Amino acid sequence: MIPRPRPERFRLRRTMMFMNAQKPGLIKDAYIYGCDSIMLDLEDAVAENQKDAARFSLYHALKTIDYGDTEVIVRINGLDTPHWQEDIRVCVAGGADGIRIAKCESAQDVKTVEAAVEAAEEEFGVEKGRTLLMAALESPKGILNAYEICSASERMFGVAISGGDFRKCMQTTPQPDGVDMLFARGQMLLAARAAGIQCFDTVFTNLDDQAGFEAEVLQNKAMGFDGKSLINPKQIRFIHQVFAPTEKEIIQAEKIVRAYREKSAAGVGVFTVDGKMIDIAFIPGAERTLRLARACGLYEGDLV
């Protein structure tokens with residue numbers, strides 16, 4: 001049995017790669033691709049009459065495969081199905097790092113899953129609070145209730161939008177400029193930031209449209225997402241490049257944090273760095289850049 005350390009609520013999550021939990025050939029070596037998180041899917045990827053087989057495969061993968069530093073999240077079936085409770089028991093018993101709540105529409109959905117997770121942790125002797133949660137917003141109702149969902153539990157580490165189902169609800173299709181989901185993405189980002197959790201974009205499914213994929217990833221970064229879901233390991237490298245701080249950003253952040261600490265110790269609240277006025281409002285962003293750079297292996301300094 002492979003013991004896994006207690007999951008980190010806030011860690012580097014640039015990429016979440018979906019994989020069918022029913023297929024051992026796919027999930028046994030998933031860590032080799034280098035994504036930050038893998039999403040073992042018990043929901044849409046698994047046929048209705050194969051749910052038990054998928055859970056069996058998932059449990060043995062969690063118990064026997066050493067995924068190293070790769071986070072292991074499981075997407076459970078929706079709360080409107082007969083499968084979700086047993087999904088949760090298997091996730092907790094196996095030691096999954098977290099659970100993704102499919103088709104989440106309310107804070108009550110989160111609380112319902114949280115109660116089941118707590119019961120499973122007690123049943124299987126798992127450390128209380130170990131299993132993290134995230135929610136997938138897939139409908140207009142979910143987007144409108146985004147803040148309540150994001151702040152519904154201390155276990156929540158993030159929220160993600162599911163483009164396929166959301167677009168169907170909105171009676172639209174993917175657009176090159178992303179206008180079809182712009183408001184929903186923005187609403188979800190605002191809610192996640194207000195609640196202090198991470199936020200992830202949907203998958204880009206047209207594997208033949210590399211230019212469209214790259215444009216969407218760049219838009220995700222510009223909007224403020226923490227990362228992106230994906231379905232093909234070929235997409236990992238570009239996402240990681242986009243979401244990693246540049247050398248220029250790292251150097252600037254280090255200058256700001258260092259200057260702030262020196263000036264604040266001298267009682268100075270406003271100062272200049274490379275000719276730009278800086279005050280305390282700039283510090284959280286600069287420190288975040290350095291933490292992200294360290295997580296990406298790009299910074300070895302002592303300021304964070």
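Cys150 is buried, because its relative accessibility is 2% and the cut-off for buried is under 20%. This value, like the others below, comes from a predicted model. The closest cysteine sulfur to that of Cys150 belongs to Cys199, and the distance between the two sulfurs is 7.0 Å. A disulfide is a covalent bond between the sulfur atoms of two cysteines. For a pair to count as one, the two sulfur atoms must lie within 2.5 Å, so the sulfurs of Cys150 and Cys199, at 7.0 Å, are too far apart for a bond.

How many disulfides does a search of the whole structure find? The search finds zero.

The next topic is empty space. Rolling a probe the size of a water molecule over the atoms shows where empty space is left. The largest pocket found in this model has a volume of about 760 Å³. It is lined by 28 residues, and those closest to its centre are Asp226, Arg288, Thr289, Arg291 and Leu292. Two elements give two or more residues each to this lining: helix H11, residues 247-265, and helix H12, residues 283-295. The largest share comes from H12, which supplies eight residues. Sorted by class, the lining of the largest pocket holds twelve nonpolar, eleven charged and five polar residues.

The second largest pocket has a volume of about 540 Å³. Its lining consists of 27 residues, of which Arg167, Thr202, Val203, Phe204 and Thr205 are the closest to the centre. Here the elements that give two or more residues are helix H7 (163-170) and helix H9 (210-223). Which of the elements gives the most to this lining? H9 does, with four residues. By class, the lining of the second largest pocket divides into eleven polar, eight nonpolar and eight charged residues.

The loop between H7 and helix H8 (182-195) contains Gln171. The phi angle of Gln171 is near 60°, which is a positive value in a residue other than glycine. Is Gln171 buried or exposed? Its relative accessible area is 75%, and because the cut-off for exposed is over 50%, Gln171 counts as exposed.

Asp274 is another residue other than glycine with a positive phi, in this case near 55°. Asp274 sits in the loop between strand E9, residues 271-273, and strand E10, residues 276-278. With a relative accessibility of 52%, Asp274 is over the 50% cut-off and so counts as exposed.

The side chain of Glu86 is joined to the side chain of Arg89 by a polar contact of 3.0 Å. Glu86 can also be compared with Lys51, which is 35 residues away in sequence. In space, the C-alpha atoms of Glu86 and Lys51 are 9.9 Å apart.

Technical notes
Residues are numbered from 1 along each chain as its sequence is written. This is a predicted model: local features need pLDDT of at least 70, side-chain atom pairs count only at pLDDT 80 or more; totals for chains, interfaces and linings use all residues. Side-chain values use heavy atoms; hydrogens and water are left out. On a 1 Å grid over the protein atoms alone, a cavity is a set of points where a 1.4 Å probe fits but cannot get out, and a pocket is an open set with protein on both sides within 12 Å along at least five of seven lines; lining residues have an atom within 4 Å of a point. Grid points are joined across faces, edges and corners, and a volume is the space filled by probe spheres set on the points. Ala, Val, Leu, Ile, Met, Phe, Trp, Tyr, Cys and Pro count as nonpolar, Asp, Glu, Lys and Arg as charged, and the others, Gly among them, as polar. Buried means under 20% relative accessible area, exposed over 50%, partly exposed in between (1.4 Å probe, protein chains only). A polar contact is a pair of N or O atoms within 3.5 Å; within protein, one must be able to donate a hydrogen and the other to accept it, and residues adjacent in sequence count only if both atoms are side-chain atoms.
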